[in-house]
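My notes follow in the order I looked.

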Amino acid sequence: MARTTLPGGTWTLGDLTVTRFGYGAMQLAGPWVMGPPADHDGALAVLREAVALGITHIDTSAAYGPYVTNRLIREALHPYPEALHVVTKVGADRDEQGGWPTARDPQSLRRQVRENLETLGVDALGLVNLRLGDATGPQPGSLAEALETLVALRQEGLIRHLGLSNVTPEQVAEAQTIAPIVCVQNRYNLAHRGDDDLIDELARQGVAYVPFFPLGGFTPLQSSALSAVAERLGATPMGVALAWLLRRSPNILLIPGTKSVAHLRENVAGAGLALSGDDLAELDRIGR
Ligand SMILES: NC(=O)c1ccc[n+]([C@@H]2O[C@H](COP(=O)([O-])OP(=O)(O)OC[C@H]3O[C@@H](n4cnc5c(N)ncnc54)[C@H](OP(=O)(O)O)[C@@H]3O)[C@@H](O)[C@H]2O)c1
């Protein structure tokens, strides 16, 4: 693996050291995260380029495709470099319409962990996020039964570390009374700032915050202020959005998605941009 110095340096999740610049594999699957990619070899090339650039954090789930992104990761990268950590998540299945039905009963969670192990080709998962809520966002309610199932799987040696996804601050606090939580993965980006307080609290605790849809997801970020800053810096808006996230808080880990090697390289370069106080102030106003 190349020893490139990626922007942002590294962060430690439990005992797993990852680059703060990671990669999100979800959109490597077909349209709306269902079925195979249009360009199979192109998808493998993106994954291999991510590792060649020095990225050691790839985010995925057996629900993506379903099974498609995990199998692509396995085909592209197995046997995995020791430094690479493939982070997965459980808590939802897929239906034939491409929906994400909740599946958090103990039997479903055990099945999903087994599916992730099999499709990734590993004996244990380094980090599993328990995904709560639904497609509209986090929903209140106790996570105890679901998390206790994952704690049991950890005790059985199938999982090493636990995280949460799509959760409220109250659910994070409840989880922390049950087991150590090494990261929270919620929706957050320049234009969607609902978790500002949670990010600061997790930073105080030394817990990672992993924004999903860092570039806006299925509707990539568009903002005249973002474009203006990017133009001033001779950079792309996506690069500036990633640089802003790295500056926002030291506990933020990036998992931007792309199907394109060129965009991946562009995003790495962009995340390393130096933003001035004026740039930051202008960008800060977008989501407020
Ligand atoms: N926990 C959860 O519930 C949850 C939910 C959603 C996502 N996630 C995770 O978050 C990761 C990131 O989310 P995401 O991939 O959906 O959204 P994203 O990273 O916010 O944005 C990806 C989109 O941005 C475009 N893009 C990327 N770089 C670009 C560039 N330089 N120029 C122009 N367009 C660019 C991509 O198109 P191209 O392919 O053309 O580059 C793609 O359409 C996922 O991979 C997944 O692992 C988790």
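I started in helix 3 (residues 106–120), where glutamate 115 and arginine 111 are four residues apart, so about one helical turn separates them. The model is predicted. I found a salt bridge between glutamate 115 and arginine 111, with the closest N and O atoms 3.2 Å apart. Glutamate 115 counts as buried at 15% relative accessibility, while arginine 111 is partly exposed at 24%.

Next I looked up arginine 193, which forms a salt bridge with aspartate 284 (3.1 Å, N to O). Arginine 193 sits in the loop between strand 8 (183–185) and helix 6 (196–205) and aspartate 284 in helix 10 (residues 277–284), so the pair ties together parts 91 residues apart in sequence. I noted arginine 193 as buried, at 9%, and aspartate 284 as partly exposed, at 26%.

I then checked aspartate 196 and arginine 248, whose side chains meet in a salt bridge at 3.1 Å, N to O. This pair links helix 6 to helix 8 across 52 residues. Aspartate 196 is buried at 10%, and arginine 248 is buried at 19%.

The structure holds 13 salt bridges.

Last, I turned to the nonpolar cores. The largest has 77 residues, and Tyr23, Leu47, Ile73, Leu77 and Leu150 touch the most other members. Helix 8 (residues 237–248) gives this core its largest share, seven residues. Leaving out residues up to four places away in sequence, I found leucine 77 touching Leu47, Arg48, Val51, Ile58 and Leu84. A second, separate core has 12 residues, among them Trp11, Val87, Cys183 and Ile255.

How values were computed
Residues numbered from 1 in each chain as written. Predicted model: local features only at pLDDT ≥ 70, side-chain atom pairs only at ≥ 80, totals over all residues. Heavy atoms only, no water. Core = buried A, V, L, I, M, F, W, Y, C linked by side-chain atoms within 4.5 Å. Buried < 20%, exposed > 50% of the residue type's maximum accessible area, 1.4 Å probe, protein only. Helix = DSSP H or I, 4+ residues; strand = E, 2+ residues; numbered from the N terminus. Contact = heavy atoms within 4.5 Å. Salt bridge = Lys/Arg side-chain N within 4 Å of Asp/Glu carboxyl O.
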